[in-house]
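Subject: Structure for your review

Dear colleague,

Please find below the sequence and structure that I am handing over to you. My findings follow directly after it.

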Amino acid sequence: MKSLAVVVICLIQVVLIPRSHCRVFLPMDLKLIEQTCSKTPHRDLCVSGLTSVPASADADVKGLALIMVDNVLRAVANDTRNQINEKLKHSPEDKALSSCEENYRAIVELDIIEAYTSITERDPKLAKQGMDATIYDANACESGFAGKSPLTYVNTLVIDIAAVANAILHLLP
Ligand SMILES: *[C@@H]1O[C@H](CO)[C@@H](O)[C@H](O)[C@H]1NC(C)=O
(Lines give C-alpha, C1' and ligand atoms only; values in the text may rest on other atoms or scores of the structure.)
Protein backbone atom coordinates (compact mmCIF):
# COMPACT_ATOMS: atom_id res chain seq x y z
CA MET A 1 0.00 0.00 0.00
CA LYS A 2 2.81 2.34 0.94
CA SER A 3 4.54 2.05 -2.43
CA LEU A 4 1.27 2.72 -4.23
CA ALA A 5 0.90 5.99 -2.32
CA VAL A 6 4.38 6.99 -3.39
CA VAL A 7 3.55 6.33 -7.02
CA VAL A 8 0.37 8.43 -6.78
CA ILE A 9 2.22 11.33 -5.17
CA CYS A 10 4.82 11.19 -7.90
CA LEU A 11 2.17 11.27 -10.61
CA ILE A 12 0.50 14.27 -8.98
CA GLN A 13 3.84 16.05 -8.77
CA VAL A 14 4.47 15.42 -12.42
CA VAL A 15 1.20 17.15 -13.22
CA LEU A 16 1.41 20.01 -10.72
CA ILE A 17 5.05 20.96 -10.54
CA PRO A 18 6.62 22.76 -13.49
CA ARG A 19 8.74 20.31 -15.45
CA SER A 20 12.00 22.11 -14.78
CA HIS A 21 11.62 21.45 -11.05
CA CYS A 22 10.44 17.90 -11.39
CA ARG A 23 12.79 14.96 -11.17
CA VAL A 24 10.22 12.24 -11.50
CA PHE A 25 10.49 10.27 -14.71
CA LEU A 26 7.48 8.39 -15.98
CA PRO A 27 8.16 4.98 -17.55
CA MET A 28 7.47 6.37 -21.05
CA ASP A 29 10.05 9.14 -20.50
CA LEU A 30 12.59 6.57 -19.34
CA LYS A 31 12.08 4.31 -22.33
CA LEU A 32 14.11 6.32 -24.85
CA ILE A 33 16.75 7.10 -22.20
CA GLU A 34 17.15 3.40 -21.39
CA GLN A 35 17.07 2.33 -25.03
CA THR A 36 19.71 4.90 -25.89
CA CYS A 37 21.91 4.23 -22.87
CA SER A 38 21.87 0.47 -23.49
CA LYS A 39 23.79 1.22 -26.71
CA THR A 40 26.60 2.97 -24.82
CA PRO A 41 29.58 1.42 -23.00
CA HIS A 42 28.44 2.70 -19.55
CA ARG A 43 24.70 2.18 -19.32
CA ASP A 44 24.18 3.06 -15.63
CA LEU A 45 26.36 6.16 -15.78
CA CYS A 46 24.42 7.23 -18.87
CA VAL A 47 20.99 6.71 -17.25
CA SER A 48 21.94 8.46 -14.00
CA GLY A 49 23.54 11.36 -15.87
CA LEU A 50 20.56 11.91 -18.15
CA THR A 51 17.90 11.47 -15.44
CA SER A 52 19.69 14.11 -13.34
CA VAL A 53 18.61 16.62 -16.00
CA PRO A 54 14.80 17.05 -16.13
CA ALA A 55 14.82 18.13 -19.79
CA SER A 56 15.87 14.57 -20.72
CA ALA A 57 12.25 13.47 -20.22
CA ASP A 58 11.14 15.30 -23.39
CA ALA A 59 14.31 14.92 -25.45
CA ASP A 60 14.86 12.93 -28.65
CA VAL A 61 18.19 11.18 -29.26
CA LYS A 62 19.82 14.37 -30.54
CA GLY A 63 18.53 16.16 -27.44
CA LEU A 64 19.96 13.42 -25.22
CA ALA A 65 23.36 13.84 -26.95
CA LEU A 66 23.19 17.59 -26.29
CA ILE A 67 22.29 17.05 -22.62
CA MET A 68 25.09 14.51 -22.17
CA VAL A 69 27.62 17.01 -23.58
CA ASP A 70 26.30 20.35 -22.42
CA ASN A 71 24.92 19.44 -18.99
CA VAL A 72 26.42 16.18 -17.72
CA LEU A 73 29.96 16.38 -19.14
CA ARG A 74 30.25 20.15 -18.76
CA ALA A 75 29.28 20.01 -15.06
CA VAL A 76 31.79 17.25 -14.25
CA ALA A 77 34.58 18.84 -16.33
CA ASN A 78 33.98 22.26 -14.82
CA ASP A 79 33.96 20.79 -11.29
CA THR A 80 37.21 19.00 -12.07
CA ARG A 81 38.76 22.22 -13.34
CA ASN A 82 37.70 24.00 -10.13
CA GLN A 83 39.14 21.14 -8.10
CA ILE A 84 42.45 21.43 -9.97
CA ASN A 85 42.57 25.19 -9.37
CA GLU A 86 41.89 24.60 -5.68
CA LYS A 87 44.80 22.11 -5.51
CA LEU A 88 47.03 24.56 -7.42
CA LYS A 89 46.47 27.19 -4.72
CA HIS A 90 48.18 24.84 -2.28
CA SER A 91 50.87 23.61 -4.68
CA PRO A 92 51.42 26.33 -7.29
CA GLU A 93 54.71 24.72 -8.42
CA ASP A 94 53.13 21.40 -9.31
CA LYS A 95 53.81 20.93 -13.04
CA ALA A 96 51.40 18.02 -13.47
CA LEU A 97 48.58 20.03 -11.91
CA SER A 98 49.39 23.03 -14.11
CA SER A 99 49.22 20.96 -17.25
CA CYS A 100 45.95 19.41 -16.02
CA GLU A 101 44.62 22.93 -15.68
CA GLU A 102 45.47 23.51 -19.35
CA ASN A 103 43.90 20.18 -20.30
CA TYR A 104 40.66 21.01 -18.50
CA ARG A 105 40.60 24.56 -19.80
CA ALA A 106 40.70 23.03 -23.31
CA ILE A 107 37.95 20.54 -22.41
CA VAL A 108 35.62 23.21 -20.98
CA GLU A 109 36.39 26.08 -23.35
CA LEU A 110 37.07 24.23 -26.64
CA ASP A 111 36.23 20.52 -26.80
CA ILE A 112 32.76 20.68 -25.23
CA ILE A 113 31.81 23.80 -27.17
CA GLU A 114 32.99 22.23 -30.44
CA ALA A 115 30.89 19.15 -29.70
CA TYR A 116 27.83 21.13 -28.63
CA THR A 117 27.93 23.45 -31.65
CA SER A 118 28.46 20.55 -34.04
CA ILE A 119 25.47 18.63 -32.68
CA THR A 120 23.23 21.67 -33.14
CA GLU A 121 24.62 22.04 -36.67
CA ARG A 122 23.88 18.36 -37.40
CA ASP A 123 27.51 17.37 -37.75
CA PRO A 124 27.90 14.38 -35.38
CA LYS A 125 31.28 13.52 -36.93
CA LEU A 126 32.77 16.84 -35.87
CA ALA A 127 31.03 16.51 -32.50
CA LYS A 128 32.81 13.17 -32.01
CA GLN A 129 36.12 14.94 -32.59
CA GLY A 130 35.26 17.17 -29.64
CA MET A 131 34.61 14.10 -27.48
CA ASP A 132 37.77 12.37 -28.73
CA ALA A 133 39.72 15.52 -27.82
CA THR A 134 38.12 15.43 -24.35
CA ILE A 135 39.25 11.82 -23.87
CA TYR A 136 42.74 12.74 -25.13
CA ASP A 137 43.00 15.74 -22.76
CA ALA A 138 41.75 13.82 -19.71
CA ASN A 139 44.23 11.01 -20.47
CA ALA A 140 47.02 13.59 -20.82
CA CYS A 141 46.13 15.00 -17.39
CA GLU A 142 46.04 11.53 -15.82
CA SER A 143 49.40 10.43 -17.23
CA GLY A 144 51.18 13.68 -16.26
CA PHE A 145 51.69 12.61 -12.65
CA ALA A 146 54.94 10.85 -11.83
CA GLY A 147 53.40 8.78 -9.03
CA LYS A 148 49.78 8.20 -8.19
CA SER A 149 47.40 10.71 -9.78
CA PRO A 150 45.11 12.54 -7.35
CA LEU A 151 42.60 12.95 -10.18
CA THR A 152 42.08 9.34 -11.32
CA TYR A 153 38.43 9.24 -10.23
CA VAL A 154 37.38 12.41 -12.05
CA ASN A 155 39.54 11.78 -15.12
CA THR A 156 37.98 8.34 -15.48
CA LEU A 157 34.51 9.82 -15.04
CA VAL A 158 35.15 12.44 -17.73
CA ILE A 159 36.55 9.79 -20.11
CA ASP A 160 33.57 7.48 -19.50
CA ILE A 161 31.02 10.29 -20.03
CA ALA A 162 32.76 11.35 -23.26
CA ALA A 163 32.67 7.71 -24.42
CA VAL A 164 28.93 7.59 -23.64
CA ALA A 165 28.41 10.83 -25.59
CA ASN A 166 30.36 9.34 -28.53
CA ALA A 167 28.13 6.27 -28.53
CA ILE A 168 24.98 8.44 -28.52
CA LEU A 169 26.44 10.55 -31.37
CA HIS A 170 26.97 7.32 -33.27
CA LEU A 171 23.17 6.81 -33.27
CA LEU A 172 22.53 10.15 -35.00
CA PRO A 173 22.11 10.28 -38.77
C1 LIG B 1 32.24 26.60 -13.66
O2 LIG B 1 32.55 26.79 -12.31
C3 LIG B 1 32.68 28.14 -11.94
C4 LIG B 1 33.18 28.23 -10.50
O5 LIG B 1 32.35 27.50 -9.64
C6 LIG B 1 31.34 28.83 -12.12
O7 LIG B 1 31.44 30.18 -11.76
C8 LIG B 1 30.94 28.72 -13.60
O9 LIG B 1 29.67 29.25 -13.77
C10 LIG B 1 30.96 27.27 -14.05
N11 LIG B 1 30.82 27.27 -15.49
C12 LIG B 1 30.10 26.37 -16.12
C13 LIG B 1 30.11 26.48 -17.60
O14 LIG B 1 29.46 25.50 -15.56
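S143 belongs to helix 6, which covers residues 124–143; helices here are DSSP runs of H or I with at least four residues, numbered from the N terminus. The model is predicted, so local features are reported only at pLDDT of at least 70 and side-chain atom pairs only at pLDDT 80 or more, while totals for chains, interfaces and linings use all residues. Residues are numbered from 1 along each chain as its sequence is written, and side-chain values rest on heavy atoms, without hydrogens and water.

With a relative accessibility of 58%, S143 counts as exposed (exposed is over 50% relative accessible area, buried under 20%, and partly exposed in between, with a 1.4 Å probe and protein chains only). The S143 side chain comes within 3.4 Å of the backbone oxygen of A140. Between S143 and C100 the C-alpha distance is 9.7 Å, although 43 residues separate them in sequence.

Helix 7 comprises 19 residues, 152–170. Among the buried residues of helix 7 are V154, V158, I161, A165 and N166.

N166 deserves a separate paragraph. Its relative accessibility of 13% is the reason why N166 counts as buried. The side chains of N166 and D132 form a polar contact of 2.9 Å (a pair of N or O atoms within 3.5 Å; within protein, one must be able to donate a hydrogen and the other to accept it, and residues adjacent in sequence count only if both atoms are side-chain atoms). Leaving aside residues up to four places away in sequence, N166 touches K128, M131, D132 and I135 (contact means heavy atoms within 4.5 Å).

Finally, the ligand is surrounded by R74, N78 and N82 (each with a heavy atom within 4 Å of it). An oxygen atom of the ligand lies 2.3 Å from a polar side-chain atom of N78.

Yours sincerely

Terms used
Helix = DSSP H or I, 4+ residues; strand = E, 2+ residues; numbered from the N terminus. Expected span 1.5 Å × (residues − 1).
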